[in-house]
Amino acid sequence: MFNPKLKPVMLAVAGVIAATSSVYAADKAIKASAVDVVSTTPLQGIGLTLDKVPANIQTVKGDELKKQQSVTIADYMTDNLQGVSVNDTQNNPFQPDILFRGFSASPLLGTPQGMSIYVDGVRVNEPFGDAVNWDLIPMNAIAGMSLIPGTNPLFGLNTLGGAISIQTKSGRTHQGGAVEASAGSWGRRTGSAEYGGVSKDGSVDYFVSASSFREDGWRDASDTDVRQFFGKVGWQNETTKVDLSYTGADNDMIGNGLIPKDFMRNFGRDSIFTKPDQTKNTVSFMNLSGSHWFSDNVMFSGNTYYRSSNRKTLNGDVNDDYDSTEDCTGAGFDLDGCSGALNRSRTNQKSYGVNGQLTLDQDFSGKKNQFTVGAAYDYSKIKFNQSTEFGLLNASRGIDGLAASEGSDYLEESVNLKGKTKTWSLFATDTLSLNDFWHLTASGRYNHVKVENRDKLIPDASDENSLSGNHSFNRFNPAVGLNFTPTKDLTVYGSYNEGNRAPTSMELGCANPNVPCKLPNAMAGDPPLKQVVVKTFEAGLRGNLTDDVRWSAAIYRSQNYNDIHFVSVPGVANGMGYFDNVGKTRRVGLDTNLIGKMDKFSWSAGYSYVNATYQDDLQLANEVNSEEQDGVINIKKGDRLANIPKHQFKLRMQYAVTPDWTVGSNITAFSDRYMRGNENNSHESQGDSMGNGKVAGYAVVNLDTRYNLGRGWSIFGKAINIFDNEYNNGGLMGQSYYDGNGNLTGDVNSPHNLGFVSPGAPRAGWLGVRYEFDGKQLSSSADRD
């Protein structure tokens, strides 16, 4: 349930919420219109008018990201889009775990990924683990994005709960230039620049942008350095358009993650557990896309791409086998006597692919009809290396490594893996208008996936500890939807969709309960995993109350079959475990929203509900839950999944104080959630920091403002968590060799049970200045809505 402090807020808004907006324009006049066109596939094609789409798509314009000064698209979605919540597992602004309708999109390996992310028609989930690196998507290159709900098979693998489709800027759509800088709390300083234009004859356009983000972080030893670049050049004539884009990034991020609640109480909310927890990401991404009109109603679009991403991690941890009775540094030393371990990993990923589709927007038997057919091929190669350097924990809970060279006895290589994944797909969709009021859509996609793993340390695939193996997965996923549009101000729809996710190289390499691994650092030989299949029913309504007020509501039921979870094993303190199919899980929910404008005041209010539950009885290894017996807990059908809040409320308000000065606010509220480790929902407080195995609900209020100085100049500011609410948005019931006072006990057989949480950021603020030029001036009062 909600924290009692939130009840007055919920009661005050309950009467005005009617339902998720398809188009987010909270600070613009919202006009009732049936000409909103959205793409129904990752590639941009002819598209369909929104009244014919059997889904509650939420779209965002790039200007909205700028106005709210969002750090990443994940930041914006958490504050504004319905059904979206966050877990700050890494506690870095560029590394959040985003959940939409209870499905995850996360940079953290081991998280059960459930969303696909596309940039200009290219899927950018990483080949190794389907992870999503938000830091590799430049914010000032985004022209717009769409959040497509449900198990839409047209968006391919991993579209279990939804898909995000991002479109980048071009010189044709964003002419002129801008430079921007800001600074403020936590030593944060940012800078960005962009420029776009079109050649004199109008055939060539170009756009380039760059950005830099640096901060010390609000928690100890948590600095971040993110540098991004984007460039695009395009050519077009009356029938053909071609774009070539390049995205580059070189980022160094520290996210020191969860912390025991006792540590926060004794050392402050900005304290950390062990350090460092460093991630270095780089990317080089080239995408050649094009489209050609064969006639006024026949269009081909496609792309081919190359993407290379590299990831290095350095994690300082307590040695899993630490025993203080052993000697770490003397003659005849034993590695079990070393209190700390520096776990390093290196992941190299290269992806290539080609996608194409043909769309025919032609009548069929005298009825309006749009048919799209296409194919896709994606190929990826990965190299994954992991090593551990043993050392000693110091007074600040950092690790002093003892390996002086590559051949040191204090250095162990545990994984050297090469993998390949080949995916090809065929898809088609057809939307037939039976008459002016009824519109029928049928879609389908066939996916074939082949995963090859080669263990360079244990090449013999017959060895049970070898990672080597070949795995194939095939499936056809259908979808059908029906829209009823009795008036231009009302749309009623219903749909059924199926989708699947094939296990990745990382999951297939860590699926043996007898040889657990510690993600993201180690893997072991495995039995095969089954692919995840999701079946989703959705129904909804949307419409216009007036020219300036729009509403929507959607209900859904998604059932996962053979869901894959990372399962902890008993008797270890640092998260060892393995991936396993855990049977069926289900998400049932409601998304609602009401948005509009009254004179100078604009607003968007929404409420979402999701009940994410296990649908099979099962046992999970667990030694910290009060209900554990012989190292396991019994999960019953209907028990809720961990770290997913059941209720959420979001309110965006903006007021134009003058034609040049606007002030905005975001209010978000989330209900409590169960900690990981309390999947049976039955843990009772034992008087320790794990409490009742829940993370309390919370509410956060943010403010933003912008003032147009004229002649292209503007100043802006943002303040977050203005009431300095101390809250947490995720939790884990775990074990540690440290007690709650930060003392290392050294007793490997009796770790301490501790409640770990993801602390939310405290009050903070930033100020900035922006200059726009060459015709791209800030909006004047004459052209503002």
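Predicted model: local features only at pLDDT ≥ 70, side-chain atom pairs only at ≥ 80, totals over all residues.
Visitor: How many helices and strands are in the chain?

Guide: Helices (H or I, at least four residues) and strands (E, at least two) are DSSP runs, numbered from the N terminus. Here the chain has 5 helices and 42 strands.

Visitor: And what share of the residues counts as buried?

Guide: Buried means under 20% relative accessible area, exposed means over 50%, and partly exposed lies in between (1.4 Å probe, protein chains only). Of the 785 residues, 59% count as buried. Areas come from the Shrake-Rupley method with a 1.4 Å probe, and for residues only the protein chains shown count as cover. The chain exposes about 29,800 Å², with carbon and sulfur atoms supplying 53% of it.

Visitor: Which polar contacts does the side chain of Asn 251 make?

Guide: A polar contact is a pair of N or O atoms within 3.5 Å; within protein, one must be able to donate a hydrogen and the other to accept it, and residues adjacent in sequence count only if both atoms are side-chain atoms. The Asn 251 side chain contacts the side chain of Asp 135 at 2.7 Å and reaches the backbone nitrogen of Arg 227 at 2.9 Å. Asn 251 sits in strand E15 (residues 240-254) and is buried, at 1% relative accessible area.

Visitor: Where is Asp 201, and is it buried or exposed?

Guide: Asp 201 belongs to the loop between strand E12 (189-198) and strand E13 (204-215). With a relative accessible area of 61%, Asp 201 is exposed. Its side chain makes polar contacts with the side chains of Ser 199 (2.7 Å) and Ser 203 (2.8 Å).

Visitor: How many salt bridges are there?

Guide: Side chains of opposite charge can pair when their charged atoms come close. A salt bridge is a side-chain nitrogen of Lys or Arg within 4 Å of a carboxyl oxygen of Asp or Glu. By this rule the count is 27. One of them joins Glu 126 and Arg 307 at 3.1 Å, N to O. That pair links distant parts of the chain, 181 residues apart: Glu 126 is in the loop between strand E8 (122-123) and strand E9 (142-149), and Arg 307 is in strand E18 (residues 298-318). Glu 126 counts as buried at 2% relative accessibility, and so does Arg 307 at 7%.

Visitor: Which residues make the nonpolar surface patch?

Guide: Patches are made of residues with over 30% relative accessible area and no salt bridge; like charges are joined within 9 Å, and nonpolar side chains (Val, Leu, Ile, Met, Phe, Trp, Tyr) within 5 Å. The nonpolar patch covers about 750 Å², and its members include Tyr 655, Trp 661, Tyr 707 and Trp 713. Tyr 655 is in strand E34 and is partly exposed, with a relative accessible area of 40%.

Visitor: Which residues form the positive patch?

Guide: Lys and Arg count as positive and Asp and Glu as negative, while His and the chain ends are not counted. A charge is placed at NZ of Lys, CZ of Arg, CG of Asp or CD of Glu. The positive patch consists of Lys 350, Lys 381, Lys 383, Lys 418, Lys 420, Lys 422, Arg 454 and Lys 456. Its largest share, 3 residues, comes from E22. Lys 422 lies in that strand and is partly exposed, at 33% relative accessible area.

Technical notes: Residues numbered from 1 in each chain as written. Heavy atoms only, no water.
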